[in-house]
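Subject: Structure handover

Hello,

Here is the structure I said I would pass on. Please open it and keep it beside this message while you read the notes below.

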Amino acid sequence: MLEISTDDRLPQKPIKTIEELCEKIKAYHPDAPLQFIIKAYQFSEKAHEGQLRRSGEPYISHPLNVAGILADLQLDLDTIATGLLHDTVEDTDATLEVIKKEFGETVSALVDGVTKIGLMNFRNSFDKQGENIRKMIVAMGKDVRVVLVKLADRLHNMRTLNHMPYEKQERIAQETLEIYCPLAGRIGISALKIELEDLCFKYSRPDKFYELKQMIEKTENETKRYIDEVRRAIGEVLTKSTIKKYKVYGRAKHLWSVYRKMTARNLTYDQIYDVLAFRITVSSVVECYEVLGYIHSIWKPIPGRFKDFIAMPKSNNYQSLHTTVIGPGGDRIEVQIRTEDMHLIAEKGIAAHWNYKERGKLDDTELQKTNWMRDLVSLNKSGSADEFLDHVKTNLMEHDIYVFTPKGDVQELPENATPVDLAYAIHTSLGNMSTGARVNGKMVPLKHKLINGDRVEIITSKTQTPSKDWLKFVVTNKAKSKIRQFVKEEQRRNSVAIGKDLVEKEFRKFGLGAAKYLKGPDFDNYMRESGITDVEELFARVGYGKFEPKHLIDNLSPDAIQKEVEKSEQPEAITFLEKVVKSAKAKLKKSNSLVIVDGMDDVLVHFAKCCGPIPGDAITGFISRGKGIIIHRADCRKVLEMDQMRRVDVSWTSKSAADGQERQVKLEVISQDVPGLLKLMSETFSVQGINIESAQIRTTRDKKAVCQFEIAVKDVAQLSLAILALQKIKGIINVQRVMG
């Protein structure tokens, strides 16, 4: 049996009444409860009452035709109802709660998904950004029918694009070509993809479109005769074979396909020979290969132009045999051979699977060859549409998430990614300065795990630097690499500074100037023998504690060591610390140090991170190896754990209060969990001239909010004023300074 079709696109005639829509549905679902669809239509009509399209038609014509396209794809009633209702939440006073009450949770979720996609910003749809957006649409939808409704919505908008201004026509067409056409291809709806591509071609490059259209129309009669000739030749050979049931489709390739081939190969239309495509459908896979043999027996195949997508299906489940042969008159023609099931999936993609309930079981072998729809194989055990949906929930990228930036751009991140990962994905400097984030309008800590569809704003501070602790929760390689790089460079800078200070102090202890000895032939020889490349590396090794400064004195000025030994043998020998103090006092110069150690202010000091002392705190100091004197708050819990033999008396200098240098302090604020309180706290810090470096917020089971702020203050006086101001805010329960 031979059947011929010249076009396999969706019907393009607009529908004008709900009765026409119901007829479309009854054609493939005779027992459908159409009252549900009529109710959705009436709800949408009332919601859009008074609204007009640019064409002047009532707005209801748009959702009606979107539903009609979904009916042409033979989808279920929930999806068609969503087509009727898809704009109600975005463009009218209708709410999701009302839709859920009237039409059920499924329709409500579908409408919500379509609405979210409608709010996306496609301004950067090129390259990877465009692919991210396509993935984002799929990932956001959860239920693949969201994507089908959005594609139907875009198709009808493209069909009526002639009513839009020219500038918008071009922009919308380009956006559709970059976003929605590949999306239709991804889920395998070729009939919809082809029509979208031709409409995009028409509005984005109208001069080329009409020029090519005229060329094709001139040869239309000749093309029809050629198709008939090929049909007869295929019919003659297959009639003599054992294949009894087959169909032949013949048509010219769609305009965008021809134009893309012309531009890619730099050819004119007359130079394109394979503009005709023929499709043969049969009953089984075995017959596909049998037909291929018959085609190659009557026409010579072109080497390298055969593709077997049955043995190796495309990722969207597309299967077919493709071959290009030299047909009648020496013209190239492409022939595609597939089964009826393959043809249905090729034309309607994922939408085709709703028809299997009516048509019987799926073929295990075919379905197991697929990629992202592999789990659909379970449908052969149950024809339930609900069970099918459980399997087609979008797991294309099950280990990826897609989040929005404040500008509406989409970023692809691994599962469990945090705001820090997002910040580094955008720019290294943004990651380095991250102090917190707002996710969907709410403040969250940097270690907060993002999920699909989150809208994320990164909060930054110029004084912020990456913390080694970030490595405990970031997941992207870029974030880890940049944090490690910064920490390593920062540690080296600190070690160089510490090492330089220790070396200079070691030389001063012996009454020598380091600058005099750290140059010249003797120094260069010593460096080569020690395997050290330059002075900076020398300082770094000393700062890391890998090199003793005394070795320099031993090798560069041994006489100074001898003199020191002679002094130490005298009865009035003094302790090491006393020598440091005496030597420093003898050479005391003007210093910028905020701390005096045993009466002198020219000693290398570091402030402990565990307690974060600030001017005005009671403090104590401990001698450390390689880092000078470590300054702790006197009430720091670590003070009691340290070797008291290394303890020294320290005090703030008179200039510390007027220095103006800011240091980080942690505050814990416990409050009632009420809206607006965080804003009041932020404003309080701002009034006090205090910058919030970071904030971490959590709620307790008894509805309390616990906020931990890391703030930058000049001294205890400024901190005390801030605490007092916070305590005056209504709803604040307690404010206290906490250890690191």
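A charge sits over a ring if NZ of Lys or CZ of Arg is within 6 Å of the ring centre and within 35 degrees of the ring normal. By that rule, the charged end of Lys-39 sits over the ring of Phe-103, at 5.3 Å from the ring centre. Arg-663 has its charged end over the ring of Phe-607, 3.8 Å from the centre. Please bear in mind that this is a predicted model.

Next, the aromatic rings. Searching the whole structure gives nine aromatic pairs. One of them joins Phe-209 and Tyr-210: the ring centres are 5.0 Å apart and the planes stand at 90°, so this pair is edge-to-face. The angle settles the matter because planes over 60 degrees apart count as edge-to-face. Are the two partners buried or exposed? Phe-209 has a relative accessibility of 6% and counts as buried, while Tyr-210, at 41%, counts as partly exposed. Both residues belong to a cluster linked by ring pairs, which also takes in Phe-201, Trp-256 and Tyr-259.

Then there is helix H13, residues 220-239. How far apart are its end C-alpha atoms? They are 28 Å apart, and 20 residues at 1.5 Å a residue should span 28 Å, so the two values agree. The buried residues of H13 are Tyr-226, Ile-227, Val-230, Ile-234, Gly-235, Val-237 and Leu-238. When you look at the spacing in that list, remember that an α-helix has 3.6 residues a turn, so residues three or four places apart point the same way. The elements that cover these buried residues include strand S2 (247-252), strand S3 (276-282), strand S7 (332-339) and helix H15 (285-298).

Last, two backbone angles. Most residues other than glycine have a negative phi. Gln-74 is not a glycine, yet its phi is positive, near 60°. Where is Gln-74 found? Its place is the loop between helix H3 (61-72) and helix H4 (77-85). With a relative accessible area of 26%, Gln-74 is partly exposed. Asn-440, also not a glycine, has a positive phi of about 55°. This residue lies in the loop between strand S10 (434-439) and strand S11 (442-444). Asn-440 has a relative accessible area of 49%, so it is partly exposed; the exposed class begins over 50%.

Regards

Technical notes:
Residues numbered from 1 in each chain as written. Predicted model: local features only at pLDDT ≥ 70, side-chain atom pairs only at ≥ 80, totals over all residues. Heavy atoms only, no water. Helix = DSSP H or I, 4+ residues; strand = E, 2+ residues; numbered from the N terminus. Buried < 20%, exposed > 50% of the residue type's maximum accessible area, 1.4 Å probe, protein only. Expected span 1.5 Å × (residues − 1). Contact = heavy atoms within 4.5 Å. Phe/Tyr/Trp six-rings, centres within 6.5 Å; stacked < 30°, edge-to-face > 60°.
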